[in-house]
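Dear colleague,

I am passing on the structure below, and after it you will find my notes on what came out of the analysis. Please read the notes with the structure open beside them.

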Amino acid sequence: MPHDTPLIATIVAGLGLAFVFGALANRFRIPPLVGYLLAGVLVGPNTPGFVADQHLAPELAELGVILLMFGVGLHFSAKDLFSVRAIALPGAIVQIAFATALGAGLAWMMGWSLGAGLVFGLALSVASTVVLLRALQERRMIETEKGRIAVGWLIVEDLAMVLALVLLPALSGVLGGEQQVAAPVGGPLALQFDLGIWGVVGFTLAKVAVFVLLMIVVGRRVIPWILHYVAHTGSRELFRLAVLAIALGVAFGAAKLFGVSLALGAFFAGMIMSESELSHQAAEESLPLRDAFSVLFFVSVGMLFDASSLIENTWPILATLFIIIIGKSVAAFMIVMAFGYPIATALVISASLAQIGEFSFILAELGVGLDLLPEQGRDLILAGAILSILLNPVVFAILGRLSPRLEKRFGKATPAPEVKKPVGPATEAGAVATEAPVAVEASEEDGPVPTKLTDHTILIGYGRVGSLVGKSLKETGLPFLVIEDADKTLARLNADGIETVAGNAANSDIFALANPAGAKRLILAIPNAFEAGQIIQRAKAANPSIKIIARAHSDAEVEHLKNLGADMVIMGEREIARGIVEQVLETDVDASPAARQEAKPDEEPQQIAAK
C-alpha cells in the first residue's frame, strides 16, 4: 500500500488542527472559525513544517460550499425565494456596482489598468457563501425574513459572478489583458458559430434558464420520487447515500452541463427536495458532512495567508478592508432602507455581506491568469478575505448593539403590530381564556419587553413535540409562554393568543426575557441536546428551584442533561417502546398482570417520581 496519501494527510491535518484551535478559540470565547483559519495558516506553504496539498484543499472546501447551499435549499421553497426578489435582485445589482466602483477607484489610485480595477472591484463585491450561511445559522436566521433576503441576495450575487467569469475571458483583450478564444466561455457552440460577446451572454443566460426549468419541471417529480422509493427500502444508509448523491450530482451536472456554479446547482437541488415530506430527514442526514467540509473551507482559506503581506501592503490592505466592511455595508444598508424595511433588517443584511470569500479567489486567479490583475491585487484580495472573515462576528456584534439605538433615534423600527394577547391560560391559571388585541409594547430602547408572567411554564420550541405540549398546557389552563425563532410559527402562536419570546433560547438575553427567575417549570421540546444543556445551566443559575423537563434521543444525551440539572429527561425511543408494549399487552388476554409489569421497560426514578 503506498504511503504517499496527500488526500488523507490533508483531511487529517486540516480537521485535526481545526479541532484543536477551534476548541481553544471557543474556550476563550472567540468564534471557532478563527481557530479554523489559524489551522490553515499552520498547514499552509507560508509557515514551516507540514504543508497540505494546495490543489486538494480548495476542492475539499468546494464540497463544503455545495453541501451548505444544499442545506439552505432544503429550508427554502420557490415561494420563499420569489417573495424576496423585489429587494434581493435590485439590491444585489446596485451593491455589486457600488462596491465594484469603489474597488476600481482604489485600483486607479494604485496606478492599475481599467481591467485590473474591474476584476478587483468585482472580487470585493461578492460575499462568501460559507461565511454568510454560517453567520445566519448560528443566529437562527435562515428561516426568518432577514435570512431569506440575505440568501436571495447571495443567489443574485452568485449568478452575477457566473456571468462575470463567462465574460472576462472574452473581454480580456479589450480590457488590456491576454485575449482568449471563446472555448471556455460559450463552449463548442461559441467556437463553431462565433457568437460574439452578446451572443455569449444570451447563450449563458439561456443555459441557466434551461437548468432552472429542468429542475422545476423534471426535478420536482424525480427527486422526491427517488427519496420516497429509497425510504421504503428501510435502509438508512441507502437513504443517506441517496441524499448526498442527489446534492453532489445535481451540483456537478449543473456546473458541467449548464455553466451554473456548483453552489447554485446544490441550492436548487435542496429547494426541489424541500417539497418532499422527507426533506427534514434529508437535512439531518447531510448535516455532519456539511459541518465537516465547511470547516475545511476555512482551513483552505487560511492556507492562502501570507503574514508578510500585512507589512508590505499595510495601507492598501486597510483600504481594501474598508471597502469590504464599510463600503459594502453602507451600500447594502441604504438600499434595504430605501425599500422601506426596518433598521434591524438593514443591519443584518449589511453585516452578512461585510466579507468576501470563494468567488473572490476564483475571480482573482482568473484575473491574474488573463494578465488583467497584478499579483499584488490577488494578495490584497486574499488578505481582505481573511481579515473580513475574522472580523465578521465582530461586525455582527457591533451592529446588533447599535440596532435598538438607531431604531429609537431614527424611528425606523417595525411598527408595533396588534397581536392577540391571551387573557386566561397564558396568564392566570383557572381563568377562562379570551383573546384581546393588545399592541406589542416597546422597551426603553425599542427592544423586546420581558414577560410579566410569574409561576409560569417556559416552553422552548414549538415544533412537532412542543406544539402538542403547548396545546395541552393551554387546554388545562396553565400559564405559559413559548420561546421560538421561526417567523411562521411565531405568527401562528400570536394569532392563537399565546405569548411568545422571539429568538434562540440559547442566547442569554433572549432567555432572560422569559423571566426564568419567576418561572415554575421549564420544558425543553427542542431536539438539540447541546443547546438544551446550555439553557438548563442558565435556568438553574437564575432559579435553582425551577423544575426542568427535557427530551433526548440517546442514553448519553439523557445522562448529559441530567448531570446539568434536568429533573426529568424523556427519551423518545424509550417512550415509543413503552407504548408498543402496553398496546400489545392490552390486547393479549392471556397476559397476566405480573407478566405485563415484567414486560414493561424499566422506568427512570425521575419519571416514576414525576408520575
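**Buried positions**

A383 is buried, with a relative accessible area of 2%, where buried means under 20% relative accessible area, exposed over 50% and partly exposed in between, computed with a 1.4 Å probe and protein chains only. This is a predicted model, in which local features need pLDDT of at least 70 and side-chain atom pairs count only at pLDDT 80 or more, while totals for chains, interfaces and linings use all residues. Residues are numbered from 1 along each chain as its sequence is written, and side-chain values use heavy atoms, with hydrogens and water left out.

A383 belongs to helix α19; helices (H or I, at least four residues) and strands (E, at least two) are DSSP runs, numbered from the N terminus. Although A383 and I317 are 66 residues apart in sequence, their C-alpha atoms are 6.8 Å apart in space. Helix α17, which spans residues 343–352, is mostly covered, since ten of its ten residues are buried.

**Helix packing**

Helix α5 (residues 85–109) packs against helix α6 (residues 114–125) at an angle of about 135 degrees, and their axes are 7 Å apart. Here axes are lines fitted to C-alpha atoms, for helices over the stretch in contact, and angles run from 0 to 180 degrees between N-to-C directions. The two helices α5 and α6 are therefore oblique to each other; angles under 35 degrees count as roughly parallel, over 145 as roughly antiparallel, 65 to 115 as roughly perpendicular and the rest as oblique. The crossing of α5 and α6 is right-handed, a term used if the near helix is turned clockwise from the far one by less than a right angle, whereas anticlockwise makes a crossing left-handed.

Helix α6 also meets helix α16 (residues 314–338), their axes coming within 10 Å and crossing at roughly 50 degrees. That angle makes α6 oblique to α16, and the crossing of α6 and α16 is again right-handed.

**Salt bridges**

How many salt bridges does a search of the whole structure find? The search finds four, taking a salt bridge to be a side-chain nitrogen of Lys or Arg within 4 Å of a carboxyl oxygen of Asp or Glu.

One of them joins the side chains of K540 and D567, at 3.8 Å from N to O. K540 lies in helix α23 (residues 529–542) and D567 in the loop between α24 (555–564) and β8 (568–571), so this pair ties together parts that are 27 residues apart in sequence. D567 itself is partly exposed, with a relative accessible area of 28%.

Another salt bridge brings together the side chains of D555 and R574, at 2.9 Å from N to O. Because D555 is in helix α24 and R574 in helix α25 (residues 572–587), the pair ties together parts that are 19 residues apart in sequence. R574 counts as buried, at 14% relative accessibility.

R578 forms a salt bridge with E575, and their closest N and O atoms are 3.2 Å apart. Both R578 and E575 lie in helix α25, three residues apart, which is about one turn of the helix. An α-helix has 3.6 residues a turn, so residues three or four places apart point the same way. R578 is buried at a relative accessible area of 6%, whereas E575 is partly exposed at 28%.

**Loops and surface**

Most residues other than glycine have a negative phi. D371, however, has a positive phi of about 65 degrees although it is not a glycine; this residue sits in the loop between α18 (358–369) and α19 (375–410) and is exposed, with a relative accessible area of 57%. D455 likewise is not a glycine and has a positive phi, of about 55 degrees. D455 is in the loop between β2 (434–439) and β3 (457–460), and at 56% relative accessibility it counts as exposed.

P6, in helix α1 (residues 6–27), is partly exposed, with a relative accessible area of 34%. P6 and V51 are 45 residues apart in sequence and 9.9 Å apart in space, C-alpha to C-alpha.

With kind regards
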